[in-house]
Amino acid sequence: MRPIDKDVPEYAAITLAERRVPYRLQRSARRRTVGLSVDVERGLVVYAPLRMAQRGVERVLRDKARWILSKTAELELQRRREPVVCAPGNLLPFRGGWYPLAVEANGRRRTLSLQGGVLWLGLPARTLARLEAGGLRGPALREEMESGYREAAREVLTARMGHFARKLR
């Protein structure tokens, strides 16, 4: 039996419901229970106590098979999706739906709003002129959209925090 090196992740696979699921096993001396996580970059990661036998890890994986298979299926769908291209006319996500993007000049402040089933990005005239010179595509427009998303989220979250703060009083 080889010694366990807690600093080096182990890579393994298990068959769940006739499907081979690869995973990365990360052991820790401080951990007392097994933890699972699934993300796009690393796939399934299993966090286990340093001294837990491989059989114990596999037992937990079999017990959580439904959750693991569900999350790995979602991950596969996410990996297959084409990236969102930020350009006028393209569909972009906003508040739970997908809407065509329209870009317009408006005053001095960036705004992002949903009107008539269209996602409007309002930009200062100078910013819009700079973006139009680049064909209203690429990283510059994407950065403006991301800033617009952040500002829209801040407005919604500020209102929600005020609502719940009043309830706490």
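What do the side chains of E144 and R130 meet in, and what is the N to O separation?

Mentor: They meet in a salt bridge, at 3.7 Å from N to O. The term means a side-chain nitrogen of Lys or Arg within 4 Å of a carboxyl oxygen of Asp or Glu. First, the ground rules. This is a predicted model, where local features need pLDDT of at least 70 and side-chain atom pairs count only at pLDDT 80 or more, while totals for chains, interfaces and linings use all residues. Residues are numbered from 1 along each chain as its sequence is written, and side-chain values use heavy atoms, leaving out hydrogens and water.

Back to the pair. E144 sits in helix α4 and R130 in helix α3 (residues 125-133), so the bridge ties together parts 14 residues apart in sequence. Helices (H or I, at least four residues) and strands (E, at least two) are DSSP runs, numbered from the N terminus. E144 is buried, at 11% relative accessible area. R130 is partly exposed, at 47%. Buried means under 20%, exposed over 50%, and partly exposed in between, with a 1.4 Å probe and protein chains only. The pair is part of a network: salt bridges with shared partners join R110, R130, E144 and E151.

Now the nonpolar side of this region. E144 is one of the residues that L121 touches. Others include L101, V103, R110, L112, L141 and M145, with residues up to four places away in sequence not counted. Touching here means heavy atoms within 4.5 Å. L121 also belongs to the largest nonpolar core, which has 14 residues. Such a core is a set of buried Ala, Val, Leu, Ile, Met, Phe, Trp, Tyr and Cys residues joined through side-chain atoms within 4.5 Å. L101, V103, L119, L121 and M145 have the most contacts inside this core. At least two of its residues come from each of β5 (91-94), β6, β8 (118-123), α3 and α4. A second, separate core holds 13 residues, among them V21, L25, V46 and V57.

L121 has a strand partner too. In β8, L121 is the bridge partner of L112. β7 and β8 run antiparallel, joined by 5 bridges. Strands count as paired if DSSP finds at least two bridges between them. The two form a hairpin with 2 residues between them, and G116 in the turn has a positive phi of about 60°.

For comparison, take two further salt bridges. The count comes to 7. R27 pairs with E10, their closest N and O atoms being 3.0 Å apart. R27 lies in strand β2 and E10 in strand β1, so this pair ties together parts 17 residues apart in sequence. Both residues are buried. R109 pairs with E155, with 3.9 Å between the closest N and O atoms. That bridge links distant parts of the chain, 46 residues apart: R109 in the loop between β6 (97-105) and β7 (111-115), and E155 in helix α4 (residues 139-168). R109 is exposed, at 52% relative accessible area. E155 is partly exposed, at 48%.
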